[in-house]
Amino acid sequence: MSIETPDQVAAQDGQSPDGQQPMSLGTAAARNLATTTKTPPLMQGISSRWLLKILPWVQVSGGTYRVNRRLSYAVGDGRITFEQTGAEVRVIPAELGELASLRGFDDTEVLAALANRFVQQEFEAGDVIVEAGQPADQIYLIAHGKLNKIGTGKYGDQTVLTVLADGDHVSYRALAPGQDNWPFTVKTLTRTTILRLSREAYEEVISQSDALRAHIEQYEANRVKPQNRRGEADIALASGHEGEPELPGTFVDYETSPREYQLDVVQTVLRIHTRVADLFNDPMDQTEQQLRLTLEALFERQEYELMNNREYGLLHNVDYNQRIHAHVGPPTPDDLDELLSMRRNTQYLLAHPRTIAAFGRECNRLGLYPESVEVGDDRAFAWRGVPFLTCNKIPIADDQTSSIFAMRVGEENQGVIGLHQVDIPDEYVPGTSVRFMGINEKAIISYLVSSYHSAAVLVPDALGMLDSVEIARSEPQ
C-alpha cells in the first residue's frame with residue numbers, strides 16, 4: 001500500500017506544492033473531460049476450441065442423422081464397470097452385456113445370477129493369471145490394475161500383444177462350446193484385482209435360462225458366418241481363375257437397425273435492462289457485448305458436450321477395439337505410433353494440454369524434437385506429421401490420468417463429423433439462433449440463445465484412444 005505525500009495530493013488538485021494558486025488545469029479535473037481508451041469486456045474462459053474447428057459440420061434436416069453400415073456379425077466388446085464397498089468389488093449385472101457373447105441380452109435376473117457367481121481374487125505384480133496352452137475355461141474381469149497380454153513370436157521370443165487395465169476382460173472363447181486353450185499369456189504389471197467366473201458356474205446359469213441359451217446359440221451362429229476382418233458380412237468374389245468357372249453370386253447386406261443421432265441443444269436466456277440497452281451504448285453496443293460473451297460460453301459448453309456427452313460424446317463412443325493403454329505410465333512415442341497404426345489416414349491427435357506436456361517430457365528424455373505443422377492460420381505441435389491439438393474438455397481423473405484421441409474426419413473419409421442444422425429461425429451464426437422473447441414488467445429484455453449440435457463416428461476405426469496415460473510429473477531420482 002502506497003501513501004501519497006501532501007505535495008502529491010496538492011499536485012493532483014491543481015495546486016502548487018507551496019500552496020500558491022494553480023497556473024494550469026490539473027490532471028484529475030482534465031480526466032473528467034477526456035475520452036477513456038477501453039477494451040471490450042474480456043473473459044478468461046475462452047479456449048482454443050480445436051474440436052469445433054476441425055470437425056466438418058454436416059447439415060441435418062429434420063434433426064436426425066442416420067448412419068447406415070454394412071451388416072456386421074462381430075459384436076463389439078465394451079468396458080465393464082464395477083461397484084466397490086471397502087475392499088469388496090462387484091460387477092454391475094447390466095455391465096455383463098459388454099461381454100461379446102452377452103451383448104444385447106437384457107434379462108436382469110439372469111445377469112444378476114451370473115454376477116453373483118464371480119469370485120474376487122488379488123494378484124501381485126509379476127503373477128501369471130492366464131498361461132498359453134492351458135484350457136480357456138474361465139472369464140477374468142479386471143477391476144483394477146495393469147496387465148500385459150503376451151504372445152509368442154515367430155522365433156519363440158515373447159511379444160506384448162496389448163496392455164489391459166481397469167474395465168477390460170480376458171475371455172477369448174472361454175464360454176463357447178468346445179472351448180480352446182488360451183493362445184496367449186496374461187501377466188500382471190501392478191497389483192491387480194480381478195473377478196473370475198468358472199465355466200461350471202456359467203453352465204449352471206445357462207441350464208436354468210432358456211432365453212440365455214437361445215441368445216448364446218444365436219451369437220455362435222453369427223460368429224461362424226463368413227465375414228471380413230472387421231466382422232462385416234462377407235462379399236463373395238472370385239479372382240485368379242481361368243476358363244469358364246461358375247462365379248459366386250453375392251449381395252451387400254445392411255444393418256437392419258442403424259444408429260440414429262438426434263441433435264442436442266445448448267440454451268440460455270440472456271437478459272438486458274432497457275435502460276442499459278438505451279443509454280449506455282456508446283462507444284460499445286451493450287447488447288452486442290453481452291451476446292458475444294454469452295455465445296463464447298455457449299460454444300465452450302458445446303465443445304464439452306461433444307467430448308463428454310454419454311450419448312454422442314467422443315469419449316463414450318470409441319470402439320473397444322480402438323482403445324489401447326500406455327505400455328508404461330506416461331504417453332511415449334511408442335504409444336503414439338501404436339495409436340496411429342490402428343487406422344488409415346489419421347488427421348488429428350487431440351489431448352488435454354497437460355497430456356501434451358507429459359508427452360513432450362518423454363520426447364525430451366529420449367532426445368526427440370517433434371516438428372510443428374500448419375493448421376489453418378496457426379502452427380501446432382505434431383507427431384509423425386499429425387497435428388497434436390489441445391482440448392481442455394478431455395477430463396483428467398483424480399489419479400492424474402487422461403486420454404489421447406486420434407481421429408479421421410469427414411463424410412468422404414468415413415470419419416468423425418459434427419452435426420448441425422442451418423437456416424433455423426432467427427439464426428445468428430450457423431446452427432445458433434438468438435430469438436427475442438419480449439420485455440417484462442420490470443423493463444428487462446429477454447433473448448433465447450440456442451445452439452443445436454451432435455457428433456457421429458461413421459465407422460469404428462475413425463476414432464481411437466490411448467487411455468489412462470499418466471500425466472503427473474515423476475519425482476526426480
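**Exercise 1. In what order do the seven strands of the open sheet stand, and what is their pairing?**

The model is predicted, so local features are taken only where pLDDT is at least 70 and side-chain atom pairs only at pLDDT 80 or more, whereas totals for chains, interfaces and linings use all residues. Residues are numbered from 1 along each chain as its sequence is written, and side-chain values rest on heavy atoms, with hydrogens and water left out.

*Solution.* Start from the strands, which are DSSP runs of E with at least two residues, numbered from the N terminus, while helices are runs of H or I with at least four; two strands pair if DSSP finds at least two bridges between them. The order is then β15-β25-β20-β16-β19-β18-β17, with mixed pairing. Next, look at the edges: β15 (323-325) and β17 each have a single partner strand, so one side of each is left without a neighbour in the sheet. Finally, neighbouring strands of the sheet are turned against each other by 35 degrees on average, direction ignored.

**Exercise 2. Check the length of α10 and find what its buried residues pack against.**

*Solution.* Begin with the length: helix α10 (residues 353-366) has 14 residues, which at 1.5 Å a residue should span 20 Å, and its end C-alpha atoms are 20 Å apart, which agrees; the expected span is 1.5 Å times one less than the number of residues. Then list the buried residues (under 20% relative accessible area, with exposed over 50% and partly exposed in between, using a 1.4 Å probe and protein chains only), which are T355, I356, A358, F359, G360, E362 and C363. An α-helix has 3.6 residues a turn, so residues three or four places apart point the same way. The buried residues of α10 pack against α9 (333-340), β16 (348-351), β18 (378-383), β19 (386-390), β20 (401-407) and β25 (463-470), where contact means heavy atoms within 4.5 Å. Lastly, go past the helix to G367, which follows α10 and has a positive phi near 75 degrees.

Conventions. Axes fitted to C-alpha atoms, helices over the stretch in contact; angles between N-to-C directions.
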